[in-house]
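Visitor: Good morning. Could you please take me through the structure shown here?

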Amino acid sequence: FTKSGYVTIEASLASNETYNGTSNAISFYVDQAYWDTEFEAEPVVYDGELHRIELKGALEPDVYTEYIEDDEESEGNIPFIHMATDAGTYSAAVYVEANERYAGEITYSDWLIEPRDLSDAAITGIAERYTYTGIAICPIPEEVKINDDLYLNPNDYAISYADNTEKGTATITLTGKGNFKGSVSKTFEIKTKGSVDPIKPE
């Protein structure tokens, strides 16, 4: 059977010298099947690019599908979103229309964009040495990047310092926020004036 609906099967038996011919019919209903579809919901890591969750399955070419983007129909107060850039947990839903063979249905899936780890970020603009002043020395990075395609803004991380008042080795640490997680640190020296030649920031 190629489509849903009522089907009638009739069987006939021809007559012969012993038996009279006869025929019987039986009717039954062939219900619509369900599409064999699912979301490809592998988690991705934030890279500043737009990502989307895709519906996979054996859909016929002319079957209408529509991604649902309606906050009011979402579950658990998570809006239905199938395209996103920022790190976070999202919920997607897509409607697949019915036809003669298949029932209409909505497929749901949660999907994830994970924050990018900061451990391999490069920090520039921090000098190797600073002159001792008796007060905390708090240099600010000029640039923080993961690679040439992914730069961080100042609101992507929190800055903290350690041992940055007295002479010796101080540390600046950046801790990721929002689209970033983890931390990366860089050290610098605090020296008495005139004890070393100044070195420009990297």
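Visitor: To begin, in which strand is the place of Tyr95?

Guide: Tyr95 has its place in strand E9, residues 88-96. Strands (E, at least two residues) are DSSP runs, numbered from the N terminus. Please note that this is a predicted model, in which local features need pLDDT of at least 70 and side-chain atom pairs count only at pLDDT 80 or more, while totals for chains, interfaces and linings use all residues. Residues are numbered from 1 along each chain as its sequence is written, and side-chain values use heavy atoms, with hydrogens and water left out.

Visitor: Is Tyr95 buried or exposed, or in between?

Guide: Tyr95 is partly exposed, because its relative accessible area is 32%. Buried means under 20% relative accessible area, exposed means over 50%, and partly exposed lies in between (1.4 Å probe, protein chains only).

Visitor: Which residues form a nonpolar patch on the surface?

Guide: Tyr95, Ile106 and Tyr108 form that patch, and together they have about 270 Å² of accessible area. Patches are made of residues with over 30% relative accessible area and no salt bridge; like charges are joined within 9 Å, and nonpolar side chains (Val, Leu, Ile, Met, Phe, Trp, Tyr) within 5 Å. Accessible areas come from the Shrake-Rupley method with a 1.4 Å probe; for residues, only the protein chains shown count as cover.

Visitor: And where does Trp111 lie?

Guide: Trp111 lies in strand E10, residues 105-114. Trp111 counts as buried because its relative accessibility is 5%.

Visitor: A change of topic: how many salt bridges does the structure hold?

Guide: There are two salt bridges. The term means a side-chain nitrogen of Lys or Arg within 4 Å of a carboxyl oxygen of Asp or Glu. One joins Asp120 and Arg116, with the closest N and O atoms 3.1 Å apart. Another joins Lys145 and Asp148, where that distance is 2.7 Å.

Visitor: How exposed are Lys145 and Asp148?

Guide: Lys145 counts as partly exposed at 22% relative accessibility, whereas Asp148 is exposed, with a relative accessible area of 56%.

Visitor: Finally, what is the order of the open sheet of three strands?

Guide: The order is E12-E14-E15, with antiparallel pairing. Strands E12 (122-124) and E15 (150-151) are the edge strands, as each pairs on one side only. Two strands pair if DSSP finds at least two bridges between them. E12 and E14 (residues 143-147) pair over three bridges, and Thr124 has Glu143 in E14 as its bridge partner.

Conventions:
Helices (H or I, at least four residues) and strands (E, at least two) are DSSP runs, numbered from the N terminus.
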